[in-house]
Amino acid sequence: MDGGAAIPVKKVAVGDRSFAEEVRKLQMGAGEEFHGETILCVTKALLQAGVSYIGGYPGAPMSHLIDVMADAKNEILDPMGIQFEQSASEAAAASLLSASIHYPMRGAVTWKSVVGTNVASDAISNLASTGVTGGSLILIGEDYGEGSSIMQERTHAFAMKSSLPLIDPRYDMEKIVDLTERAFEMSEVSNLPVFFQLRIRACHMTGSFVAKDNKVPRYSTRNPVPRAEYDMTKIVLPPASYAHEKHKFEARLPAIREYVRENDINEIFPGAGGPFGIITQGGAYSMVIRALRQLGLADAFGNTEVPIMVLNVVYPLVPEQITEFMTARESVLVVEEGNPNFIETQIAEYAHRARIDCAIHGKDVLPMAGEYTVDTVRAGVAEYMSDFAPEPYAATAGSRYQATRGAVDTANEILRDHMPEPLPARPPSFCTGCPERPIFAAMKLLMRERGPMHVSMDIGCNLFGSLPPFHVGNTVLGYGLSLASGTMVGPALDQPVIAVMGDGGFWHNGVSSGAINAQWNNYDAVLVILENGYAAATGHQRLPSSGETPVGAASEVTIENALKGLGVKWIKRVDSYDLPQTINALRDALDARGSQLRVVISDNECMLARQRRERPQKAQAMKEGRAVTQERFGVDPEVCTGDHSCMRLNGCPSLSLKHSADPLKETPIATVEDSCVACGHCGEVAHAAQLCPSFYRAEGLFNAGPLRRMAHAVNKRLLSMMGAYE
Amino acid sequence: MTAERPVAALIGALGGQGGGVLVDWLVTAAEKSGYPAQATSTPGVAQRTGATTYLFELFPEKNPAQPPLFALFPGSDDIDLMAALEPTEAGRALERGFVTARTTVITATERTYSTAEKVAAGDGTVPARPVLDGLSQASGDLIALPMKELTGGVSPQWNAVLFGAIAGSGVFPFSVDDCRDAIRGKGVAVDQNLKGFEQGVEQARLKAPLPEEEDGLAYNGPPPGFEAELDQYPERLRPIIGHALARLADYQDDAYVRLFLDHLRTVKALDTSDNMTLTGEVAKRLAAWMSFEDVIRVAQLKTRPGRLDRIRGELELPDDAILNLRDYFKPGHAEMAGFLPSWLAWMVPKGSGRAGSGWSLHWPTSSAWGFAGLKLLAGRKGFRRAGSQYGEEHAAIGRWLDAIRAAATVDMDLAVQTAKAAIWARGYGMVRREGMATLDRLLDGWTEKLGDPAALKAKVDQSIILAHANPDADIH
């Protein structure tokens with residue numbers, strides 16, 4: 001590439017994705033009934049608590065908060081003087097809380113955990129040491145269990161090692177909103193930033209609460225802090241750092257415990273008393289209650305005779321509360337998701353120190369790790385009740401549990417009689433028309449030519465390339481880390497370092513840990529950047545290279561400029577749907593051994609975003625009688641021989657199978673379904689891999705002009721003469 | 001008397017099928033009718049075409065004294081309604097305990113195949129019918145929705161049809177009108193969605209039994225003049241042989257049909273299998289093989305009368321819209337050389353053979369001149385017998401038939417399996433070359449291999465399994 005030439009800023013026109021309705025709801029006043037998903041209710045709670053600033057990095061299940069805030073500039077943020085940032089990474093988001101170290105400003109940041117917390121950990125640890133003056137809230141979407149896209153870990157350990165309170169609320173909307181507001185008070189009385197954790201399903205839960213007025217923050221862009229403050233004890237250096245640690249255990253955590261006790265943050269439902277009981281995390285409470293109801297021990301409103309203690313704050317625990325609950329009980333069941341079982345072991349320690357003779361059950365009857373669903377909790381609670389609860393509870397729980405098992409087994413036996421094989425699973429994959437699909441077809445074809453290559457993958461949609469049908473991608477290590485994670489692999493295999501990264505990963509961390517590192521160390525490396533214009537996997541948030549700031553103003557950051565600034569000379573941008581161009585660029589990059597970092601940018605907008613924008617435009621044009629084309633691909637059923645080689649280089653949801661009516665065809669044939677968006681990849685693959693001549697591209701032209709129509713009539717007559725019509 | 005439990009619905013959809021909108025409608029309908037309700041979901045990465053589930057719970061009592069407690073997870077044997085936009089998703093819910101005798105199941109009957117099913121080189125598909133039968137017997141009630149039939153294949157309405165069926169099933173206490181209002185209130189594609197909704201309501205009312213299973217095969221009758229030949233075969237085999245004769249007459253000419261019959265007769269003479277299974281298998285595979293798709297055949301198929309209209313139908317083009325059709329051809333060395341006699345074939349340049357190289361054509365078949373070009377090529381049938389591919393294919397067919405006949409004298413089952421091994425003669429280009437090479441290796445040294453029929457049978461069986469499997473499976 002020639003250096004220095006101006007690179008035009010690519011601007012993606014963000015599709016029609018409006019959060020106006022949500023923004024309107026966030027302006028509700030006192031006494032109005034607010035109805036919505038938890039994540040939106042929590043956003044409202046932040047405004048009711050008088051936050052001065054909000055920030056975060058989008059990631060399911062917390063993206064919605066950021067999407068809505070980015071749309072709320074005129075109606076909420078500016079009038080109230082609230083600052084908002086969609087940060088470039090979770091580390092940047094966590095760093096925002098620095099504003100609350102000296103100044104009594106309330107602030108909230110959010111991300112997906114545990115991954116986001118890992119990225120943010122440097123800032124959080126420093127913040128936990130220094131302590132805060134203004135209430136500081138870290139809202140985390142605990143992406144643990146079904147539907148999660150990340151490694152299965154919990155944030156609990158992180159809260160403990162940094163001595164940060166961890167709120168795990170009972171999933172009742174009033175409770176969640178109340179605890180969100182109280183979290184700021186907890187932070188202020190303890191000088192500790194507070195983690196507030198919501199599981200995936202809890203974030204998407206619908207519910208309602210009675211709104212309060214939004215509170216204008218004390219300090220804001222409309223009312224600045226009077227002066228900059230300096231305090232040497234707030235710098236994390238000796239001797240202050242030792243004092244910080246001492247302060248955590250002598251003042252801050254005790255202050256939290258006192259607040260929790262005084263304000264009844266943890267809840268006790270005494271039931272009918274008795275020698276048994278359940279201690280549960282707030283977030284697992286609804287599972288426990290549903291399990292009890294199914295076992296005949298609770299009603300539909302949660303009324304139960306079983307004594308229950310609900311820990312809405314799971315760190316720090318309040319030992320006196322717990323020993324009080326255990327006193328006079330022969331046993332308790334601790335319902336705690338994940339492992340290590342921090343709560344259970346701490347409770348055991350409290351019982352031991354207080355010499356309380358209460359047996360502690362938990363992981364002996366509940367699964368060692370993994371998400372606690374209604375079914376897993378019910379099995380554990382049933383076992384505990386049968387073995388340790390007094391009658392009639394034990395007998396009721398036991399027989400009800402068996403009845404459920406019987407009903408489930410019967411249904412399964414019936415299905416197996418008809419269908420002996422287990423039914424197919426559906427791992428996620430690239431969407432119809434995804435521009436990230438072709439690069440993996442290209443890599444798979446290149447591997448057929450030159451043998452297997454080790455490819456390091458990144459976080460984001462690109463990771464689906466490592467699943468069937470592509471099987472391209474050997475490791476994944478973290479966001480923006482694909483290039484760095486390949487550096488010791490390439491030379492060991494006598495191949496270049498080969499890494500795939502999305503544009504999101506590039507800006508998050510890839511530019512520093514990946515590109516700078518490789519360039520500086522002079523590595524023989526090929527980096528493939530999939531530039532689709534958005535943080536697509538989390539809901540199409542803008543990126544530095546989207547050509548727009550998070551709130552829609554123009555921006556001139558480009559991937560090429562960043563790379564050129566580092567001295568990267570070999571950069572090729574390819575049209576992602578052009579398979580030969582992609583294959584040739586990859587081949588060239590792989591063969592340019594020894595020329596430092598080579599970058600192939602595979603460029604095309606996320607198809608979901610593009611369709612969201614173009615569909616209404618086309619519909620409008622059609623309505624107005626303007627010329628419109630509609631395209632799709634197709635397969636000639638007679639030509640397809642049904643060997644499915646096209647499927648193994650594609651994986652498009654709209655490229656499917658159907659059973660042929662031709663008795664001579666033994667296997668199902670390929671078919672293109674109506675959902676096709678005419679990206680052309682199936683045709684390109686058939687071409688590039690020389691598969692078959694079955695594919696065609698059909699374009700319908702509506703509302704054509706008179707000249708085109710006349711030509712069409714002549715053409716039709718000629719075709720008719722050649723016998724094209726029946 | 002107060003209700004004992006919420007009414008729970010588990011909804012299984014695939015990313016992009018509109019499950020989220022459906023749940024929005026349900027929540028709105030509950031709000032409008034005044035019943036407490038809660039919904040939750042696990043989109044996560046599943047929004048990208050994977051399986052997604054939604055849980056909707058409604059308390060069947062207005063203004064209860066206490067707020068009811070809803071759950072975030074479905075509980076086994078605690079689901080009143082399992083609604084799925086895909087039958088195996090309903091089946092998977094059953095496997096997980098969410099369909100029991102108390103459950104009403106509403107499901108689309110059409111399969112949406114998973115990647116694992118698509119990548120098998122043979123038939124990896126899971127049939128819908130046994131799953132539906134299992135669901136029907138294991139559940140309290142089954143409402144089957146033939147979505148493609150109902151919506152004319154327009155998938156965006158599937159969630160509306162499902163919503164209609166849910167409303168019509170009576171599992172929830174809200175009225176059908178509350179549901180209609182929910183669709184209107186959402187304000188998106190209202191007319192289209194209401195139309196789908198009414199279809200769903202109607203289906204829930206009809207509760208049509210599952211349709212009779214059909215094989216969906218369409219047999220063509222024999223070409224004129226071959227009826228007497230056909231009568232020499234058992235009645236059971238006549239449809240497939242008649243179809244084979246029709247195929248070859250269309251492919252080439254009557255002489256070619258007779259060549260087929262000559263081959264088949266030699267097999268029939270040795271066939272002692274029950275119902276003449278061997279003859280049937282050979283007829284089917286020999287006809288498929290003899291109508292191997294060379295450039296002439298492809299040109300013939302692409303210029304079939306009615307093809308352009310069929311494609312117009314796929315796009316739902318009105319009469320005044322213009323169709324612009326581009327066929328994707330990439331004639332490689334094998335296809336070009338195969339067209340020419342072997343003494344000329346060497347002249348065709350070999351090219352690099354690398355992926356992404358070679359000659360790409362986006363042929364304008366809908367234009368008069370593009371069509372004429374293909375028509376011209378399709379008319380070159382007479383040259384086919386002189387082409388090098390013809391010679392090679394028929395030599396391979398000869399080796400295969402020899403192997404079948406030799407096997408038939410030793411073990412009839414082996415002969416049938418050998419006939420089935422012709423599955424390797426499939427595809428185009430590289431796929432075909434590799435398949436034919438595999439078959440050649442299997443048939444190589446056949447006479448000696450026949451000395452140990454058991455071992456050979458195992459080898460042939462293995463080869464057939466391999467032909468049907470996913471060739472990339474060893475990557476794992």
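**Strand pairing in chain A**

I looked up strand S5 (residues 136–142) of chain A and found 6 bridges joining it to S7(A), the two running parallel. Strands here are DSSP runs of E of at least two residues, helices are runs of H or I of at least four, and both are numbered from the N terminus; two strands pair if DSSP finds at least two bridges between them. Glu142(A) stands opposite Arg199(A) in S7(A).

I note that this is a predicted model, where local features need pLDDT of at least 70 and side-chain atom pairs count only at pLDDT 80 or more, while totals for chains, interfaces and linings use all residues. Residues are numbered from 1 along each chain as its sequence is written, with chains lettered from A and ligands numbered from 1 in the order written.

I then checked the cover of S7(A), residues 194–199: 6 of its 6 residues are buried (20 or more other C-beta atoms within 10 Å of the residue's own, with C-beta atoms placed from the backbone). Val194(A), Phe196(A) and Leu198(A) point one way, and Phe195(A), Gln197(A) and Arg199(A) the other.

**Between the chains**

I counted 109 residues of chain A in contact with 117 residues of chain B (C-beta atoms, placed from the backbone, within 7 Å). I also found strand S26 (residues 695–702) of chain A joined by 6 bridges to strand S7 (residues 322–329) of chain B, running antiparallel. Glu699(A) has Asn324(B) as its bridge partner there.

How values were computed: Contact = placed C-beta atoms within 7 Å. Buried ≥ 20, exposed ≤ 12 C-beta atoms within 10 Å, placed from the backbone.
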